[in-house]
Amino acid sequence: MRKIPFSSAMGGPGDCIFCKIVSREAPSNVVYEDDRYIAFLDIYPFSKGHTLVCPKEHGETIWDMKEHDIADLFQVASRVSKAVVSAVEADGFRFVQNNGEAANQVVAHVHVHVIPVKMEDKGRFSDRRRFTPAQMEEIARLVREEMAKT
Ligand code: 5GP
Ligand code: ZN
């Protein structure tokens, strides 16, 4: 298997921001978690409700995961997408899953982006957005509420 390169500046498991989110050493707006997966709002979202779904166990790319764990990751991501789309009243969503620095993977801990899209934004290039901490928590609350219904 060909190796997927990362810059050494990206750090290993001991210095991984998503591992710190899992352990609560770093804050985030968690919308879902179970014993193996966690979902939280992206700090610098492409759209309102942009969520990241991760395995709790550190691995850099999807190739570091067992195939049945990849299946479970996307099953969780699918459930999360339903809650996110309902919470922000979107009309569709994107899954984005970057592997390797060359693919613009910035955080070297496997994650699936769930990016809700509204019809009015169809075909438009979306810029990163910023929401206040209070707005982020309110979005997270709405997603959690929808997750509880699934
Ligand atoms: P990648 O480019 O690696 O696929 O995406 C990494 C994502 O993680 C980016 O969209 C970025 O905004 C998000 N991100 C980076 N650092 C943090 C953080 O500390 N907290 C949260 N919630 N998201 C982060
Ligand atoms: Zn990690």
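This is a predicted model: local features need pLDDT of at least 70, side-chain atom pairs count only at pLDDT 80 or more; totals for chains, interfaces and linings use all residues.
**Entry 1: the fold**

In what order do the elements of the protein chain run from the N terminus on? Going along the protein chain from its N terminus, I read the elements as α-β-β-β-α-β-β-α, and my tally came to 3 helices and 5 strands.

I then looked up the overall dimensions. The radius of gyration of the protein chain is 15 Å, close to the 15 Å that the globule rule gives for 150 residues, so the chain is as compact as a globular protein of that length. I also noted that the C-alpha atoms fill a box of roughly 40 × 35 × 30 Å when this is taken along the principal axes.

Of the 150 residues in the protein chain, 44% count as buried, and among the contacts with a separation of 6 or more, 63% are made by residues 24 or more positions apart.

**Entry 2: the nonpolar cores**

Which residues have the most contacts inside the largest nonpolar core? I found V31, V53, L73, V80 and V143 given for this core, which has 28 residues. The elements that give two or more residues to this core are β1 (30-33), β2, α2 (67-87), β5 and α3, and α2 gives the most, with 9 residues.

I followed L73 as an example, leaving out residues up to four places away in sequence, and wrote down that L73 touches Y37, V53, C54, P55, M65, V110 and V112. There is also a second, separate core of 12 residues, and F18, V22, I38 and C54 are included in this second core.

**Entry 3: the pockets**

The idea behind this search is that rolling a probe the size of a water molecule over the atoms shows where empty space is left.

How much space lies in the largest pocket? I noted about 810 Å³ for the largest pocket, which is lined by 29 residues, with D42, I43, L52, H113 and R128 lying nearest its centre. Two or more lining residues come from each of α1 (17-22), β2 (37-41), β4 (92-96), β5 (112-117) and α3 (133-149), and the largest share, 3 residues, comes from α1. When I sorted the lining of the largest pocket by class, I had 17 nonpolar, 7 polar and 5 charged residues.

I went on to the second largest pocket, whose volume is about 280 Å³. Of the 16 residues that line the second largest pocket, those closest to its centre are F46, S47, D121, S126 and R129. The largest share of this lining, 3 residues, comes from β5, and by class the lining of the second largest pocket has 7 nonpolar, 2 polar and 7 charged residues.

**Entry 4: two backbone angles**

Phi of R24 is near 70°, which is a positive value in a residue other than glycine; R24 has its place in the loop between α1 and β1.

Where is E89 found? I located E89 in the loop between α2 and β4, and its phi, near 55°, is again a positive value in a residue other than glycine.

Technical notes:
Residues are numbered from 1 along each chain as its sequence is written. Chains are lettered from A and ligands numbered from 1 in the order in which they are written. Side-chain values use heavy atoms; hydrogens and water are left out. On a 1 Å grid over the protein atoms alone, a cavity is a set of points where a 1.4 Å probe fits but cannot get out, and a pocket is an open set with protein on both sides within 12 Å along at least five of seven lines; lining residues have an atom within 4 Å of a point. Grid points are joined across faces, edges and corners, and a volume is the space filled by probe spheres set on the points. Helices (H or I, at least four residues) and strands (E, at least two) are DSSP runs, numbered from the N terminus. Ala, Val, Leu, Ile, Met, Phe, Trp, Tyr, Cys and Pro count as nonpolar, Asp, Glu, Lys and Arg as charged, and the others, Gly among them, as polar. A nonpolar core is a set of buried Ala, Val, Leu, Ile, Met, Phe, Trp, Tyr and Cys residues joined through side-chain atoms within 4.5 Å. Buried means under 20% relative accessible area, exposed over 50%, partly exposed in between (1.4 Å probe, protein chains only). Contact means heavy atoms within 4.5 Å. The radius of gyration is taken over C-alpha atoms; the globule rule is 2.2 Å times the number of residues to the power 0.38.
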